[in-house]
Amino acid sequence: MNVHSAPSEVSLLPTQPGCACRKRTVDWGAILAGTSAALALQVVFMFLGAGLGFALYTPITDANPVADLGRGALVIQGISAVFSLWLGGWVAGRLTPIGARLTGWLHGFGVWCTATVVAVIFVSLGAGWALGDLSKVVGGGLALAAKPAAALAGEAAGTGKDALKQTSDTLASFTDEAVGLRPSEANANGNIRAKREVGLALATLFNPANQGRVTANRAALVNTLVTTVGLREADAEKLLTEWTTTYERLSAELAAAKTAMETKAREAADKAADVLAILSLCAFAGFALGAVAASHGGRHGAQCAVRCESRTGEVTG
(Lines give C-alpha, C1' and ligand atoms only; values in the text may rest on other atoms or scores of the structure.)
Protein backbone atom coordinates (compact mmCIF):
# COMPACT_ATOMS: atom_id res chain seq x y z
CA MET A 1 0.00 0.00 0.00
CA ASN A 2 1.32 3.47 -0.91
CA VAL A 3 1.84 5.48 2.27
CA HIS A 4 0.71 8.71 0.55
CA SER A 5 -2.77 7.27 -0.04
CA ALA A 6 -3.32 6.76 3.68
CA PRO A 7 -5.36 9.21 5.74
CA SER A 8 -3.54 12.27 6.94
CA GLU A 9 -3.79 11.25 10.62
CA VAL A 10 -1.51 8.30 9.91
CA SER A 11 0.92 10.49 8.00
CA LEU A 12 1.44 12.65 11.09
CA LEU A 13 3.04 9.75 12.98
CA PRO A 14 6.84 9.49 13.14
CA THR A 15 8.22 7.59 10.16
CA GLN A 16 11.33 5.50 9.59
CA PRO A 17 14.42 7.18 8.14
CA GLY A 18 14.40 7.05 4.37
CA CYS A 19 10.63 6.96 4.10
CA ALA A 20 9.25 9.01 1.20
CA CYS A 21 6.86 10.90 3.52
CA ARG A 22 9.58 12.06 5.91
CA LYS A 23 8.13 14.57 8.38
CA ARG A 24 8.73 18.25 7.59
CA THR A 25 8.18 21.35 9.72
CA VAL A 26 8.23 24.34 7.33
CA ASP A 27 7.35 24.58 3.66
CA TRP A 28 8.55 27.87 2.16
CA GLY A 29 6.65 27.29 -1.03
CA ALA A 30 3.38 27.38 0.92
CA ILE A 31 4.50 30.48 2.82
CA LEU A 32 5.42 32.32 -0.38
CA ALA A 33 2.11 31.33 -1.96
CA GLY A 34 0.22 32.61 1.08
CA THR A 35 2.24 35.84 1.07
CA SER A 36 1.47 36.41 -2.60
CA ALA A 37 -2.22 35.84 -1.95
CA ALA A 38 -2.21 38.26 1.01
CA LEU A 39 -0.43 41.03 -0.89
CA ALA A 40 -2.55 40.60 -4.01
CA LEU A 41 -5.76 40.74 -1.98
CA GLN A 42 -4.49 43.82 -0.14
CA VAL A 43 -3.89 45.62 -3.46
CA VAL A 44 -7.43 44.76 -4.53
CA PHE A 45 -8.83 46.09 -1.25
CA MET A 46 -6.71 49.21 -1.62
CA PHE A 47 -8.36 50.14 -4.90
CA LEU A 48 -11.79 49.13 -3.60
CA GLY A 49 -11.34 51.30 -0.52
CA ALA A 50 -10.08 54.21 -2.61
CA GLY A 51 -13.08 53.95 -4.90
CA LEU A 52 -15.57 53.83 -2.04
CA GLY A 53 -13.79 56.62 -0.20
CA PHE A 54 -13.84 59.05 -3.10
CA ALA A 55 -17.40 58.07 -3.92
CA LEU A 56 -18.46 59.10 -0.40
CA TYR A 57 -16.09 62.10 -0.26
CA THR A 58 -18.18 65.28 -0.01
CA PRO A 59 -15.86 68.23 0.68
CA ILE A 60 -18.64 70.80 0.31
CA THR A 61 -20.99 69.41 2.96
CA ASP A 62 -18.51 67.77 5.37
CA ALA A 63 -17.20 69.96 8.19
CA ASN A 64 -13.73 68.38 8.06
CA PRO A 65 -13.54 66.24 4.91
CA VAL A 66 -9.79 65.63 5.00
CA ALA A 67 -9.83 64.27 8.57
CA ASP A 68 -12.91 62.14 7.82
CA LEU A 69 -11.27 60.73 4.70
CA GLY A 70 -8.08 59.94 6.64
CA ARG A 71 -9.94 58.11 9.41
CA GLY A 72 -11.98 56.16 6.86
CA ALA A 73 -8.83 55.15 4.99
CA LEU A 74 -7.23 54.00 8.24
CA VAL A 75 -10.21 51.84 9.17
CA ILE A 76 -10.55 50.32 5.68
CA GLN A 77 -6.84 49.60 5.41
CA GLY A 78 -6.77 48.01 8.86
CA ILE A 79 -9.74 45.71 8.20
CA SER A 80 -8.53 44.75 4.74
CA ALA A 81 -4.99 44.08 6.02
CA VAL A 82 -6.28 41.74 8.73
CA PHE A 83 -8.56 39.87 6.33
CA SER A 84 -5.84 39.64 3.67
CA LEU A 85 -3.37 38.21 6.15
CA TRP A 86 -5.94 35.71 7.41
CA LEU A 87 -6.59 34.50 3.85
CA GLY A 88 -2.85 34.42 3.12
CA GLY A 89 -2.30 32.32 6.23
CA TRP A 90 -5.17 30.05 5.21
CA VAL A 91 -3.61 29.52 1.76
CA ALA A 92 -0.24 28.70 3.33
CA GLY A 93 -1.84 26.25 5.79
CA ARG A 94 -3.92 24.65 3.05
CA LEU A 95 -0.86 24.08 0.86
CA THR A 96 1.38 22.65 3.57
CA PRO A 97 2.52 19.08 2.86
CA ILE A 98 1.20 16.16 4.85
CA GLY A 99 4.13 16.04 7.23
CA ALA A 100 3.78 19.71 8.22
CA ARG A 101 0.06 20.01 8.95
CA LEU A 102 0.61 20.39 12.69
CA THR A 103 2.56 23.57 12.00
CA GLY A 104 -0.15 25.27 9.95
CA TRP A 105 -0.28 28.16 12.40
CA LEU A 106 3.49 28.56 12.03
CA HIS A 107 3.12 28.79 8.25
CA GLY A 108 0.48 31.48 8.73
CA PHE A 109 2.82 33.38 11.03
CA GLY A 110 5.52 33.03 8.38
CA VAL A 111 3.16 34.67 5.90
CA TRP A 112 2.77 37.63 8.25
CA CYS A 113 6.53 37.91 8.76
CA THR A 114 7.25 37.76 5.03
CA ALA A 115 4.50 40.22 4.15
CA THR A 116 5.73 42.65 6.82
CA VAL A 117 9.32 42.51 5.54
CA VAL A 118 8.17 42.99 1.94
CA ALA A 119 5.99 45.93 2.98
CA VAL A 120 8.87 47.61 4.83
CA ILE A 121 11.15 47.16 1.83
CA PHE A 122 8.60 48.59 -0.57
CA VAL A 123 7.87 51.56 1.69
CA SER A 124 11.58 52.29 2.20
CA LEU A 125 12.04 52.27 -1.57
CA GLY A 126 9.22 54.79 -2.00
CA ALA A 127 6.81 52.27 -3.50
CA GLY A 128 4.41 52.00 -0.57
CA TRP A 129 1.54 52.98 -2.86
CA ALA A 130 1.82 49.56 -4.50
CA LEU A 131 0.80 47.88 -1.25
CA GLY A 132 -1.50 50.38 0.44
CA ASP A 133 -0.67 48.71 3.73
CA LEU A 134 -1.38 49.89 7.24
CA SER A 135 2.20 51.00 7.84
CA LYS A 136 1.97 53.57 5.05
CA VAL A 137 -1.23 55.02 6.47
CA VAL A 138 0.27 55.24 9.95
CA GLY A 139 3.48 56.75 8.55
CA GLY A 140 1.49 59.47 6.82
CA GLY A 141 -0.43 60.12 10.02
CA LEU A 142 2.81 60.51 11.96
CA ALA A 143 4.13 63.04 9.47
CA LEU A 144 0.88 65.02 9.56
CA ALA A 145 0.76 64.96 13.34
CA ALA A 146 4.25 66.43 13.61
CA LYS A 147 3.53 69.35 11.26
CA PRO A 148 1.68 71.62 13.75
CA ALA A 149 4.58 71.52 16.23
CA ALA A 150 7.11 72.21 13.46
CA ALA A 151 5.00 75.07 12.13
CA LEU A 152 4.76 76.63 15.58
CA ALA A 153 8.50 76.28 16.06
CA GLY A 154 9.06 78.19 12.83
CA GLU A 155 6.49 80.77 13.91
CA ALA A 156 8.25 81.21 17.24
CA ALA A 157 11.55 81.79 15.44
CA GLY A 158 9.85 84.37 13.21
CA THR A 159 8.39 86.06 16.29
CA GLY A 160 11.88 86.41 17.77
CA LYS A 161 13.15 88.06 14.59
CA ASP A 162 10.16 90.42 14.59
CA ALA A 163 10.88 91.37 18.20
CA LEU A 164 14.48 92.25 17.37
CA LYS A 165 13.33 94.33 14.40
CA GLN A 166 10.74 96.19 16.46
CA THR A 167 13.32 96.97 19.13
CA SER A 168 15.81 98.17 16.53
CA ASP A 169 13.18 100.31 14.80
CA THR A 170 12.15 101.85 18.12
CA LEU A 171 15.72 102.83 19.03
CA ALA A 172 16.20 104.20 15.52
CA SER A 173 13.08 106.35 15.96
CA PHE A 174 14.51 107.74 19.21
CA THR A 175 17.67 108.71 17.38
CA ASP A 176 15.77 110.34 14.53
CA GLU A 177 13.66 112.28 17.03
CA ALA A 178 16.77 113.58 18.80
CA VAL A 179 18.43 114.63 15.55
CA GLY A 180 15.21 116.35 14.51
CA LEU A 181 15.44 118.56 17.61
CA ARG A 182 18.69 120.14 16.43
CA PRO A 183 18.44 123.71 15.13
CA SER A 184 17.34 123.93 11.53
CA GLU A 185 20.48 125.80 10.57
CA ALA A 186 22.74 123.01 11.89
CA ASN A 187 25.09 121.57 9.30
CA ALA A 188 24.77 118.06 7.88
CA ASN A 189 27.99 116.84 9.45
CA GLY A 190 26.72 117.80 12.88
CA ASN A 191 23.50 115.89 12.28
CA ILE A 192 25.43 112.80 11.23
CA ARG A 193 27.64 113.03 14.32
CA ALA A 194 24.63 113.57 16.59
CA LYS A 195 22.84 110.56 15.07
CA ARG A 196 25.90 108.37 15.60
CA GLU A 197 26.57 109.45 19.19
CA VAL A 198 22.93 109.35 20.29
CA GLY A 199 22.39 105.95 18.67
CA LEU A 200 25.46 104.52 20.42
CA ALA A 201 24.38 105.94 23.79
CA LEU A 202 20.84 104.54 23.33
CA ALA A 203 22.13 101.08 22.43
CA THR A 204 24.37 101.11 25.48
CA LEU A 205 21.58 102.21 27.84
CA PHE A 206 18.91 99.78 26.63
CA ASN A 207 21.22 96.80 26.17
CA PRO A 208 20.03 94.06 28.60
CA ALA A 209 23.65 93.15 29.30
CA ASN A 210 24.29 96.59 30.80
CA GLN A 211 21.54 96.51 33.43
CA GLY A 212 24.13 96.94 36.20
CA ARG A 213 25.23 100.35 34.88
CA VAL A 214 21.85 101.94 34.14
CA THR A 215 22.52 105.11 36.15
CA ALA A 216 25.88 105.79 34.54
CA ASN A 217 24.64 105.01 31.05
CA ARG A 218 21.58 107.23 31.55
CA ALA A 219 23.77 110.11 32.61
CA ALA A 220 25.98 109.54 29.56
CA LEU A 221 22.97 109.68 27.24
CA VAL A 222 21.74 112.90 28.86
CA ASN A 223 25.16 114.41 28.38
CA THR A 224 25.18 113.31 24.71
CA LEU A 225 21.80 114.95 24.13
CA VAL A 226 23.07 118.17 25.69
CA THR A 227 26.38 118.32 23.83
CA THR A 228 25.47 116.97 20.38
CA VAL A 229 21.78 117.88 20.05
CA GLY A 230 21.86 121.13 21.99
CA LEU A 231 19.10 120.36 24.49
CA ARG A 232 18.97 121.70 28.00
CA GLU A 233 19.63 119.10 30.69
CA ALA A 234 16.03 119.24 31.97
CA ASP A 235 14.66 118.77 28.46
CA ALA A 236 17.09 115.90 27.88
CA GLU A 237 15.95 114.24 31.12
CA LYS A 238 12.30 114.64 30.14
CA LEU A 239 12.90 113.24 26.65
CA LEU A 240 14.83 110.29 28.05
CA THR A 241 12.00 109.55 30.49
CA GLU A 242 9.55 109.40 27.61
CA TRP A 243 11.85 107.08 25.66
CA THR A 244 12.29 104.84 28.69
CA THR A 245 8.52 104.57 29.17
CA THR A 246 8.00 103.70 25.50
CA TYR A 247 10.80 101.14 25.52
CA GLU A 248 9.53 99.45 28.69
CA ARG A 249 6.00 99.24 27.23
CA LEU A 250 7.40 97.67 24.06
CA SER A 251 9.49 95.22 26.09
CA ALA A 252 6.44 94.17 28.11
CA GLU A 253 4.39 93.61 24.97
CA LEU A 254 7.16 91.56 23.36
CA ALA A 255 7.64 89.49 26.53
CA ALA A 256 3.91 88.77 26.70
CA ALA A 257 3.87 87.77 23.04
CA LYS A 258 6.88 85.49 23.58
CA THR A 259 5.26 83.84 26.60
CA ALA A 260 2.02 83.28 24.70
CA MET A 261 3.89 81.77 21.75
CA GLU A 262 5.91 79.47 24.00
CA THR A 263 2.74 78.32 25.74
CA LYS A 264 1.05 77.69 22.42
CA ALA A 265 4.08 75.77 21.15
CA ARG A 266 4.18 73.58 24.27
CA GLU A 267 0.47 72.83 23.98
CA ALA A 268 0.87 71.93 20.29
CA ALA A 269 3.88 69.75 21.09
CA ASP A 270 1.96 67.93 23.83
CA LYS A 271 -0.99 67.41 21.49
CA ALA A 272 1.30 66.13 18.72
CA ALA A 273 2.98 63.76 21.18
CA ASP A 274 -0.43 62.39 22.22
CA VAL A 275 -1.40 61.87 18.57
CA LEU A 276 1.90 60.15 17.82
CA ALA A 277 1.48 57.89 20.84
CA ILE A 278 -2.06 56.92 19.81
CA LEU A 279 -0.99 56.24 16.22
CA SER A 280 1.98 54.19 17.36
CA LEU A 281 -0.17 52.11 19.69
CA CYS A 282 -2.75 51.64 16.94
CA ALA A 283 -0.01 50.53 14.56
CA PHE A 284 1.27 48.03 17.14
CA ALA A 285 -2.24 46.71 17.72
CA GLY A 286 -2.81 46.46 13.96
CA PHE A 287 0.37 44.50 13.35
CA ALA A 288 -0.27 42.24 16.34
CA LEU A 289 -3.83 41.59 15.14
CA GLY A 290 -2.45 40.83 11.67
CA ALA A 291 -0.02 38.28 13.13
CA VAL A 292 -2.83 36.60 15.08
CA ALA A 293 -5.11 36.58 12.02
CA ALA A 294 -2.42 35.06 9.79
CA SER A 295 -1.59 32.40 12.38
CA HIS A 296 -5.26 31.45 12.83
CA GLY A 297 -5.71 31.41 9.07
CA GLY A 298 -2.79 29.02 8.72
CA ARG A 299 -4.20 26.71 11.39
CA HIS A 300 -7.65 26.69 9.79
CA GLY A 301 -6.14 26.09 6.36
CA ALA A 302 -4.19 23.09 7.63
CA GLN A 303 -7.28 21.71 9.36
CA CYS A 304 -9.24 22.15 6.15
CA ALA A 305 -6.56 20.20 4.27
CA VAL A 306 -6.74 17.40 6.83
CA ARG A 307 -10.54 17.21 6.58
CA CYS A 308 -10.47 17.20 2.78
CA GLU A 309 -7.89 14.40 2.67
CA SER A 310 -9.81 12.43 5.28
CA ARG A 311 -12.99 12.61 3.20
CA THR A 312 -11.05 11.69 0.06
CA GLY A 313 -9.52 8.73 1.84
CA GLU A 314 -12.95 7.56 3.02
CA VAL A 315 -14.41 7.78 -0.48
CA THR A 316 -11.49 6.15 -2.24
CA GLY A 317 -10.95 3.60 0.50
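These legends walk through several close-up views of a predicted model. In this predicted model, local features need pLDDT of at least 70 and side-chain atom pairs count only at pLDDT 80 or more, while totals for chains, interfaces and linings use all residues. Residues are numbered from 1 along each chain as its sequence is written, and side-chain values use heavy atoms, with hydrogens and water left out.

View 1. Helices (H or I, at least four residues) and strands (E, at least two) are DSSP runs, numbered from the N terminus. Of the 317 residues, 32% count as buried, meaning under 20% relative accessible area; exposed is over 50% and partly exposed lies in between (1.4 Å probe, protein chains only). Among contacts (heavy atoms within 4.5 Å) between residues at least 6 apart in sequence, 73% join residues at least 24 apart.

**View 2. Phe174 and Trp243 form a stacked ring pair.** Rings of Phe, Tyr and Trp (its six-membered ring) pair if their centres lie within 6.5 Å; planes under 30 degrees apart count as stacked, over 60 as edge-to-face and the rest as tilted. The chain has five aromatic pairs by this rule. Here the ring centres of Phe174 and Trp243 are 5.2 Å apart and the planes meet at 15 degrees, so this pair is stacked. Phe174 sits in helix H5 (residues 134–180) and Trp243 in helix H8 (residues 233–316), 69 residues apart.

**View 3. The largest nonpolar core holds 18 residues.** A nonpolar core is a set of buried Ala, Val, Leu, Ile, Met, Phe, Trp, Tyr and Cys residues joined through side-chain atoms within 4.5 Å. Phe174, Leu202, Phe206, Leu221, Leu225 and Trp243 touch the most other members. H5, helix H6 (188–205), helix H7 (214–229) and H8 each supply at least two residues, and H8 gives the most, with five. Leaving aside neighbours within four places in sequence, Leu221 is in contact with Val198, Ala201, Leu202, Leu205 and Leu240.

**View 4. A second, separate core has nine residues.** Among them are Leu85, Trp112, Ala291 and Ala294.

**View 5. Val26 lies in the loop between helix H1 (8–11) and helix H2 (28–56).** Val26 is partly exposed, with a relative accessible area of 32%.
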